[in-house]
Amino acid sequence: MSNSNHFQVIVIGGGPGGYVAAIRAAQLGLQTCVVERDKLGGVCLNWGCIPTKALLESAHVLEHLKEASKFGISADNVKADFEAIIKRSRSVADQMAKGVEFLMKKNKVTVVNGEASFTNAKTIEVKSNTGETSTLTADYFILAVGAKNKSLPFLPFDGKRVLSAREAMVEPKAIPNLAIIGAGAIGVEFADFYASMGSKVTIIEYQDHLLPNEDKEISGVLERSFKKRGIEQYLSYGVETATVSEKGVELTLLDRNSAKKEKLNFDKVIVGVGITPNTTAIGLDAIGVKLKNGFVEYVGNYKSTVDHIYAIGDCIPTPSLAHVASAEGIRAAEDISIRMGNPHHIQIQRLNYAYIPGCTYCHPEVASVGLSEDKAKAMGHDIKVGKFPFTASGRAQAQGDTTGMVKIVSDAKHGEILGAHIIGPGATELIAELTLGANMEITVRELANTIHAHPTLAEGIMESAAAVLGEAINI
């Protein structure tokens with residue numbers, strides 16, 4: 001079966017960048033279509049951000065219940081039902097996917113399921129899972145094709161012993177002896193979850209600290225916390241060789257500092273060493289869309305080297321974060337609307353990539369925005385640093401969750417917020433205030449002078465800003 005339909009905008013990919021771009025285009029009165037090969041919401045909603053947070057919430061509840069006696073509560077024989085935890089995670093993801101379906105209908109966005117590929121610069125062919133094809137044309141396209149998990153050349157994913165993040169979140173039972181290669185957000189979050197489920201977890205990271213993109217002092221707090229929980233860490237180690245058998249996986253690790261080698265055996269391995277863009281199978285080369293290292297080259301408000309084709313999210317070389325993809329999608333849709341002479345008054349505000357918040361939802365949580373202390377120094381900034389530990393927070397003490405701190409890195413002369421780093425309870429929520437402050441160029445003096453409700457975790461932000469000035473009260 002074949003048919004032909006024309007739209008003003010076709011978005012290829014229905015993830016957090018694509019579906020948001022489609023909604024914004026539709027809000028601006030453009031006839032819009034989304035092509036998605038799987039469920040709406042993409043990897044983030046179905047196999048990433050949302051279901052992993054559901055898993056981690058179960059882990060956090062379990063750990064909290066184990067310490068119930070500290071709160072004067074008796075909770076005996078607390079244990080995890082692994083199958084039920086996985087089932088709940090999938091249910092949460094499915095519910096959110098249905099929510100996106102509703103938003104498509106509400107905004108009158110046409111949804112076409114299938115794999116898209118360009119036949120010419122204005123036309124795509126979409127092949128459904130059943131083999132049927134349809135031909136769609138558009139005035140403008142937005143590429144929101146995302147990325148997939150990157151494997152190691154000598155350790156390909158097999159879904160049995162060597163797992164990607166997608167496979168790791170639907171295991172039938174807890175893995176007794178687990179290795180995780182890569183200590184970025186994905187690796188650290190799975191380490192947290194599986195350790196709570198009773199697995200013996202070993203993290204292997206080539207760099208010298210967990211969460212290599214985070215401030216080293218913050219990572220050090222996480223490393224000590226994980227160590228207390230029995231999570232083994234091989235930092236500054238690379239994986240030299242791997243042997244996969246029916247019994248498990250043998251890894252040969254190489255210490256990049258001492259050249260010492262160690263052989264370790266595991267039941268399974270999760271590989272979380274990054275992602276690679278889904279740009280190779282959609283016919284971009286033939287229509288003149290240029291790629292660099294697999295990423296789409298872009299200018300301005302995400303326009304590719306082909307004037308009417310835009311690209312956003314994980315397929316361009318910007319931070320691979322769902323919230324970044326969504327923000328880019330909105331701006332791409334608005335730029336198209338302006339070019340089409342839309343009567344809506346739009347003033348596009350470009351993203352400030354210097355202040356994009358990053359969050360890791362392990363326990364303790366980690367969140368940051370802007371420069372780390374080391375990066376600020378390396379860039380030649382004259383800095384002042386203020387820190388406030390959660391041990392000094394009345395709210396954190398009441399919650400029984402005092403690991404961590406708020407840390408602000410500021411310009412010594414003007415008090416500009418160069419970076420902010422939080423580890424501890426509520427970190428991924430608290431970072432929003434500091435992100436707003438950094439983007440609005442609020443000084444640490446203004447932040448310290450802003451009254452924060454007491455008792456709250458957010459007081460740590462006020463106190464940390466005051467600490468930069470040598471005026472913190474509660475430490």
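Which residues does the UniProt annotation "domain: FAD/NAD(P)-binding" cover? The annotation, from an unreviewed entry, covers residues 7-329; UniProt positions are given here in the numbering used for this structure, feature names are shortened, and annotations may be inferred rather than shown by experiment. Before going on, note that this is a predicted model, where local features need pLDDT of at least 70 and side-chain atom pairs count only at pLDDT 80 or more, while totals for chains, interfaces and linings use all residues. Residues are numbered from 1 along each chain as its sequence is written, and side-chain values use heavy atoms, with hydrogens and water left out.

Back to residues 7-329: the end C-alpha atoms of that span lie 17 Å apart, and the span is 31% helix and 28% strand. Helices (H or I, at least four residues) and strands (E, at least two) are DSSP runs, numbered from the N terminus.

Now for the domains. The assignment gives domain 1 (6-146 + 278-340), domain 2 (150-274) and domain 3 (357-469), with bounds that come from an automatic or database domain assignment.

Let's look at where domain 2 meets domain 3. Their C-alpha centres lie 29 Å apart, and the contact (heavy atoms within 4.5 Å) takes 16 residues from domain 2 and 18 residues from domain 3. About 1400 Å² is buried between the two, with carbon and sulfur atoms giving 60% of that; buried area is the accessible area (1.4 Å probe) that two parts lose on being put together, summed over both. On the domain 2 side, Asp215, Glu217 and Ile218 supply 37% of the area buried against domain 3, more than any other three residues.

As for secondary structure, helix 6 (185-196) and helix 7 (216-228) each supply at least two residues of the side of domain 2 that touches domain 3. Helix 7 gives the largest share of that side, seven residues.

Finally, a few backbone details. Histidine 363 and proline 364 are joined by a cis peptide bond, with omega about 0°, and proline 364 is found in the loop between strand 20 (358-360) and strand 21 (366-370). Another cis bond runs from histidine 454 to proline 455, omega being near -5°.
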